[in-house]
Structures are given as structure tokens and as C-alpha cells.
Amino acid sequence: MAFPDSFLEELTARTDIVDVVSRQVELKKRGDGYWGLCPFHGEKTPSFHVLPDRQIFHCFGCAAGGGVIQFVQRSENLTFADAVLALADRAGLAVPEEGGRGEERDTIYRLNRLAAHWFHSQLSSPAGAQAREYIQGRLLAPRTVVRFGLGWAPDSWHGLLEAMRAQGFTQSDVCAAGLAVPGRRDGGAYDRFRGRLIFPIIDMRKRVIAFGGRTLGEATPKYLNSPDTPVFSKSRHLFAMPFAKNAGGQFILTEGYMDVVSLHQAGFAGAVASLGTALTASQALLMTKYAKEVVIAYDMDAAGQNAAHRAIGILEQSGIPVRVLRLAGAKDPDEYIRRHGREAFAAQLSGSPPRAEFLLSALAERFDLTNDEGRLQFCREAAELLARLDSEAERAIYLKQAAALCDIPAEALKADVARARQRLGRQKSRDASRRATAPAQALQPIDRALRYEDTRSASAEEGVIRVMFLDPSQIGEAFGLLAPEDFSSSLLGRLFAWAAAHPDDPGKAFSAQEAFAPEELSHLARIMQKPISYAESARALRDCAAAVQEMSRQRRFGQASDDALMSLRKRKRNDNEQR
């Protein structure tokens, strides 16, 4: 969606970043800014900094940063365009008509909505008999089918494609939405979903953004999902999230769409599922906005339990309490509810152990605790696990459980845990010392794609950028001293060129659509959060620019020397061949 620059500038001018952030983060005034606990990673000491005079935020813990649009993008899991629309709605600003990319997105939204209706209509057609029989076997009520918009994709190569063409869409439109796949030879296309039960995927604004399809036979894969499109990213959304967000705080994380539908029908409105991938940090972050705890209810097979271990690690980073459901007598929640009923599942849910208890139990299953060697191995790994628990009370509770599992005195295991915590503490100290004594490493951007090749030069280049963005009166001077090609970092060179082109307000970079990637804006916020002395900004600029000029000259001289050496070697090689 393309927005005019004038509209984006007015939107950000009307929006107070402190007001927006305060709706999700408890901020306290300190110095020239506000501090709070970062909403993007779990922490106990505030490292999240909001600077209202610069209209930016920066987290010293996870390096998230940017302007108010980037904050809404991250916190509400939205695209740039949707974040702008959300802010415009809050500010009461009318959104101008857009074209180009915006028209493509709007086309996909309309196409997905009509495709969802078409899939749903096919469920009641003669072609949908197999799907209706499957739904009845799963004990799904008609109201549940309607609520989730379940549908059927007939086993046809062009059924949906022709139906959408009849609605005025082109083949390229249907392919762009991920509903059709281009043919390899004849320039045609065919339906992506064929012979599958269809689950529409809805975003937080109640728009159909994608589809999941479950085979009812032996076809593979069992679940097929829409590819990423301009309106959908499978790593950023959760199935049934619009329903779950109002469920009261307890989320049930499952593996399959049918598990979610079955749980909602049984009254467990917090059920969600990831979209054909392992749980991602973005999905965990999305849950933390609405959940007070997450219960992992993955399948009981080995793959499901391994996935549960990975999900625990990701959810722990977000700081949300985690419990793990282990069902006996069924492979997944859907099957358990059909066999044993809602009340039995509710009892299992309420008795699901916290993640530490689950991890201890899973650890005990790996070793033979009837012999000394197995008990020793268990004790070593249990001590490491317990040492990572921050709460002393939590460690005390699970230390007793671990000791009982391997039949040793709790005091003996307590000593092992204490030693393990000392090792962890020493490792953290070494890591902190290494960072403190490695300024070149500390200077590097967090995102590896932005890494500096010449950190000495980049340090001076950052100084130039900092002065230009915080004191725009110096931009003309900077442009007279340097050129973008003098910068060793392509990102910093682009930021220099941007500031030179926008001398009135280079901070527009945070609201300029598609000018910089989110990770680039995070790094710009990191540069800008460091203060400058405005009385000394001119001298600071000259000093940094002189350093950039000298190192640029050295790089050019070094390249010229390398070129001359290669040319000499080539001539010698040619002379030898002629002899």
C-alpha cells in the first residue's frame, strides 16, 4: 500500500510515541526519556528507552528500535501499511487513496474473501460429500463449521481458478494470492488446493489472508498452506488468533487446525496453532500481548514432544509462564475430547505441569534410574536445568522433585545446582567482560546482514550520521566534506545520502515507506539514541568526517596497489607464456 509522503509526515507529527508505547508498556520518566520493560523480550530490569524529542525507541537488551510506526509493527505484528492504517485510525486521519502495491494487496484481500465463500459453498455441493462425512465423524456442529468458515476444495485442476476468473480476476491475480500455481510449460496455472478440507486463516482485522488445506486421503503433505504473499507471512500469524485474543488470558498452543476447531467448539476459546511451521519468536510475541500463560498441547508422538521442547525455549524468552499438557489415551487434543469429553480434558488442562516439571520428567525418561550410572547422568543434567531457573523458590520446589526421582538427598543435588549456577555466573561475567573489552564487536549491528567490514571507519561514519540526524543544521557542512562513496558501510552511506536529500528533517526515514528495512531502522535508532552536545556538534562532525576521509583514502590507495600488483603479475604471466 503506497502512502503519500505528506500523509506519513502528518501522521507521525500528530502521533506521540510516548502515548502509543504507554498503552502497552509502563513507562517511567528518567532524564531526557522514558524507560520500561521491553515488550519484545523477557526482562526484569528496564532496558527499553523511549526518546520523545527524537520520536524513537531503542531496547538495549534485544536491539529493537525505530519510530512509532515500527513500534506498532512489532507490538501488534502488523505490516508497515497496516501499522499506518492503525495509527491513522487512532489519530482520526483520513487515509488517501492509494495505488500500485496497495491495489495489489486490496485485490488479494478481495480475492481471498471470495475464494473463502466459494470453498464454503463447495462443502454443501455434491463434490463435498467426502468432506461432510469427515466433518460429521469429527463431531463438528454446523455452527462451528460456519464460525470457522470451513470449506472444500474439489479435486479439480481449475475449479477455483475458473470461479475467480468469472468474478473478474486474472490468472496472475489468483497466482499472486497463492491460490493457484503457474504451470511450467504452457503458461497456464492450476489450483493449489485440490481434494482438501479448507481452513481460512484470518488476521487480527478479521480479513482472510491465507488458507490451510487438510487432505482426507493419503496424499502428502497432510497439511498444505498458502505461500507467503504481500498480505501473509506464515511466521507472523496464528490460526484462530482473532478468537483467542478475547479468551481471558490462557492460550492453548496446538499443532493442528482441527485441534483448534475442536477445542473452540468444546469451549476452550484460547486455542491457537502455528501455520505449518515450528513456533517462531514473532508468534510467541503475538501471544504475549493477550495471554497470561500458554499451555503447550502438542501431539504425544516423539515429533510433537520434541517440538514442545523447542517451543518452551522460545516462549521462555518472551517471559510468559508456560505449562505443558501430556495427554494419556489420545494422540492429540481433538482425539482426546472426542473420546473422553470436555470435562476430562478440562481436568487434564488444569493439572498440566509447569515447564520445569515437564522438562524434569522428560529428562528422567531418558535415563535408567534403577542403576547408579543412569542416576548420576540424570543428576548432572538436572542440576544444569535447575540452575537456569531464576526464582529461588522455583529452584527449591523442583530440586526436591528431582532428588526424589533419583532417590538421593536433596542437599546433595542442591550442592550440584549451586556449582552449576556459579559456572553460569562466571560464563555471564566472561561474556560481559568480552563485550566490554571488544569495542569493535560492540559496535557491530545486531543483524548480521548489516555487519561492518571496517569497524574503525564505521565508528567515525556513525558519528557523522548521528550529528546529521540529531542536528540537521550540520547536514550542508557534512555534504560539503563527504560523499556516499566515502563510507565503508553501504547502510551508513545510504543514510548519509538520505539526510543530504532531506535536510529539513532526516528523521522522516522512520516514516518513509520502503526506504529502509526494519532492521536498518532499528540500527539507525541505536545510533540516534546516543546523545550529542549541540554546542560541539560542528567540531564533532569535522573530526568524524576527517577520520572517514582518511580511511576512505587508505582503502582507495590499498585497492589501487592491489590492482597494480595484479596487473604486474598478469604481465609476467603473459611474458612467460610468450617465451
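pLDDT is the predictor's confidence in each residue, on a scale from 0 to 100. Welcome to a predicted model, in which local features need pLDDT of at least 70, side-chain atom pairs count only at pLDDT 80 or more, and totals for chains, interfaces and linings use all residues. Residues are numbered from 1 along each chain as its sequence is written.

**Confidence**
- The chain has a mean pLDDT of 89, and 93% of its residues score at least 70.
- Where pLDDT is low, the predicted coordinates should not be read in detail.

**Elements and the sheet**
- In the chain there are 25 helices and 15 strands, taken as DSSP runs numbered from the N terminus (helices: H or I, at least four residues; strands: E, at least two).
- An open, antiparallel sheet is built from 5 strands in the order 1-2-3-4-5; two strands pair if DSSP finds at least two bridges between them.
- Strand 1 (28-30) and strand 5 (65-66) are at the edges with a single partner strand each, so one side of each has no neighbour in the sheet.
- Strand 1 meets strand 2 (residues 33-36) in the antiparallel sense over 3 bridges, and Lys-28 stands opposite Trp-35 in strand 2.

**The chain overall**
- The C-alpha atoms fill a box of roughly 75 × 75 × 75 Å along the principal axes.
- Of the 579 residues, 48% count as buried (under 20% relative accessible area, 1.4 Å probe, protein chains only).
- Among contacts (heavy atoms within 4.5 Å) with a separation of 6 or more, 63% join residues 24 or more positions apart.

Conventions
Heavy atoms only, no water. Buried < 20%, exposed > 50% of the residue type's maximum accessible area, 1.4 Å probe, protein only.
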